[in-house]
Amino acid sequence: MTRFIGTLLLVICFSASAGCQSLATHTASSAREARTALSTPPASPLPPNRLLPPAVPAPSLIVLITIDQFRDDYLDRFGPQLRGGLARLARGGAWFTNAHHDHAITETAPGHATLLSGRFPRSTGITANRVGVEDPSAPLLGNPAAPGASPKRFQGTTLVDWLHAKDPRSRALSVSRKDRAAILPIGRSQADVYWYAGGRFTTSRYYRDTLPDWINRFNARREPQNLAGKSWTLLLPDSAYKEPDSVSYEMNGRNFLFPHRLPDDSAAAAAASLATPFMDEIELDLALDGLNALSIGKGSQTDVLSISLSATDAIGHGYGQDSREIHDNVLRLDRNLGAFIDSLFKLRDSTRIAFALTADHGVSTIPELVPGSVQPTPVRVNLADLETSLRAAMTSAKLDTNLVMLDHQIVLVNRDLAALTDRTRALDNALSLFAVRARSLPGVARVDRFQDLLRGDTINNAITRRWVHQFPATSNVELVITLTPFSIFGEGSVATHGSPYDYDTHVPLIFTGPWFAPGRYAEFARTVDLAPTLAEVAAVKAGEKLDGVVLRRALK
Ligand SMILES: [Zn+2]
């Protein structure tokens, strides 16, 4: 079974078709207002991607800031209280207020892989977290027991490669708390890529054999361990937060009240720090140390600094997007980013730095807190019983149950093996029965054959379009399951993301720097447009066909 699953996943990962250009546009909705959860039809095609001479010299540094699980509406919701880095980027930048991950499985790995590649998951090969960066052949330095990680499943190139092709002096540094969030924006490039594992920052043997001195020095400061006994308190007075603190759905009823005190034990505190704003502060310190040590952004070439901040994701999963914890976390993130930008501008020429701010996905409301006006009532969906009955039906039809794998939203099928054994019709019958049963399950909105979606309306139907952008046409994905709005799979997280609905796809997309015309742009934009837009200001050309286009309205 394990080998078959591996084969199926490899087929998905390595059979990507060439990307094609989506012409879709839509109007976003707000999950907070709990209205429609889908996008509306597209308008006219976006202009072609042409390489124009930049009005000002190319940046010496491109800073990509990705906030894990950050909804675009956070910027307005908490806007009056923002005065740090988020405020500076949002108010001084070219902000595409209707920007989306235009793919269906809005998870961390696929989202990050779109950002500097300019391509959808069907083309990057990173179609889900499960097929993200785990790689036993690339063990972590100093932590051989942890799962190894590398970009071996990532296909194609990124902005980092395009910059390097133009000028071999171009360098990239990527840091995150998560391996996939550090690795995937950069693609396959042998850059400086570091993430947090086992209480320290490290990398894998894909990148190097030993940790550099600056990382060892950083780890020796034991910043996460020194949080032992520290409390996460509110930044502002109680009256500044309109959200109730006492919401028993948060954290499954445990530790949902401020202040949140970290354990006295240093190792336990380091582990608990993941779900506090302190981890982002530590990551930003690491980024500045790396920038200094590697002289990133100091030369005449264009370098890249990619920072993916993960605390918002952990806090959002545990407390939900409507929580006082998310509110305070965003305020603290704003202040921490402000301090980071202040420090960066002391170290480097601010007129040569281009910033891009975005997220890898949004998040849904805790299902139990969705207003009653939303019908059907959102539920937590578990397909385990359906899977059992599918396997029973296959067994009684004398089919090898290993022909099929069910993974949350998708059903993978080994049709080649079914054809070899002349059992295709029996397999189809079993799958049809599964689809009928799944459609009748509370919380399931649609069950589609992926091949049918490829012939569907990708202009007017956002769900169809986002599924089509998810997998290559030749993948072994047989069925895709779409839940009703605000329903989620399983009971593992208090709140989560991963759907093709706008509350999970809608993220900030903001550019700042002398190349960009500040303002709010309401036109539909996609995260795959980020890379070609940055490539345009850096005067480099993509090494391959992209799904994204240059957002020319952002440019001066
Ligand atoms: Zn994420």
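Predicted model: local features only at pLDDT ≥ 70, side-chain atom pairs only at ≥ 80, totals over all residues.
The protein has 556 residues, and 60% of them count as buried. Its secondary structure consists of 19 helices and 18 strands. If contacts are limited to pairs of residues at least 6 apart in sequence, 76% of those contacts join residues at least 24 apart.

The largest pocket comes first. Its volume is about 540 Å³. Helix H11 (311-319), strand S14 (477-483), strand S15 (488-489) and helix H18 (502-505) are the elements that give two or more residues to the lining of this pocket. Strand S14 gives the most, with 3 residues. In total the lining of the largest pocket has 34 residues, and those nearest the pocket centre are Glu 107, His 408, Thr 496, His 497 and Gly 498. Sorted by class, the 34 residues are made up of 12 nonpolar, 15 polar and 7 charged ones.

Gln 409 sits in the loop between strand S11 (404-407) and strand S12 (410-413). Its relative accessible area is 8%, so Gln 409 is buried, the cut-off being under 20%. Not counting residues up to four places away in sequence, Gln 409 touches Ile 105, Trp 467, Leu 479, Val 480, Ile 481, Phe 489 and Gly 498. One of these residues, Gly 498, is also among those that lie nearest the centre of the largest pocket.

The structure holds 1 cavity of 30 Å³ or more. The space in the largest cavity is about 40 Å³. Lining the largest cavity are Gly 199, Arg 200, Phe 201, Phe 218, Asn 219, Arg 222, Glu 223, Pro 224 and Gln 225. Strand S5 (200-202) and helix H8 (213-220) each supply at least two residues of this lining. By class, the cavity lining has 3 nonpolar, 3 polar and 3 charged residues.

One of the residues that line the cavity is Glu 223. Glu 223 is placed in the loop between H8 and strand S6 (231-232). Glu 223 counts as buried because its relative accessibility is 17%, and buried means under 20%. With neighbours within four places in sequence left aside, Glu 223 is in contact with Phe 218, Ile 282 and Asp 285. Phe 218 is likewise one of the residues in the cavity lining.

Ile 282 and Asp 285, which Glu 223 contacts, fall within the range of helix H10 (residues 278-294). The axes of H10 and helix H12 (residues 324-347) come within 10 Å and cross at roughly 10 degrees. Angles under 35 degrees count as roughly parallel, so H10 is roughly parallel to H12. On the H10 side, the contact is made by Asp 280, Glu 281, Leu 284, Ala 287, Leu 288, Leu 291 and Asn 292. H12 contributes Leu 333, Asn 336, Leu 337, Phe 340, Ser 343, Leu 344 and Leu 347. The contact of H10 with H12 has 9 nonpolar, 3 polar and 2 charged residues.

With a relative accessible area of 3%, Pro 532 is buried. Pro 532 and Gly 548 are 16 residues apart along the chain, and 6.4 Å separates their C-alpha atoms.

Key. Residues numbered from 1 in each chain as written. Heavy atoms only, no water. 1 Å grid on protein atoms, 1.4 Å probe; cavity = no way out; pocket = protein on both sides within 12 Å on 5 of 7 lines; lining within 4 Å. Points joined across faces, edges and corners; volume = space filled by probe spheres on them. Helix = DSSP H or I, 4+ residues; strand = E, 2+ residues; numbered from the N terminus. Nonpolar A, V, L, I, M, F, W, Y, C, P; charged D, E, K, R; others polar. Buried < 20%, exposed > 50% of the residue type's maximum accessible area, 1.4 Å probe, protein only. Contact = heavy atoms within 4.5 Å. Axes fitted to C-alpha atoms, helices over the stretch in contact; angles between N-to-C directions. Parallel < 35°, antiparallel > 145°, perpendicular 65-115°, else oblique.
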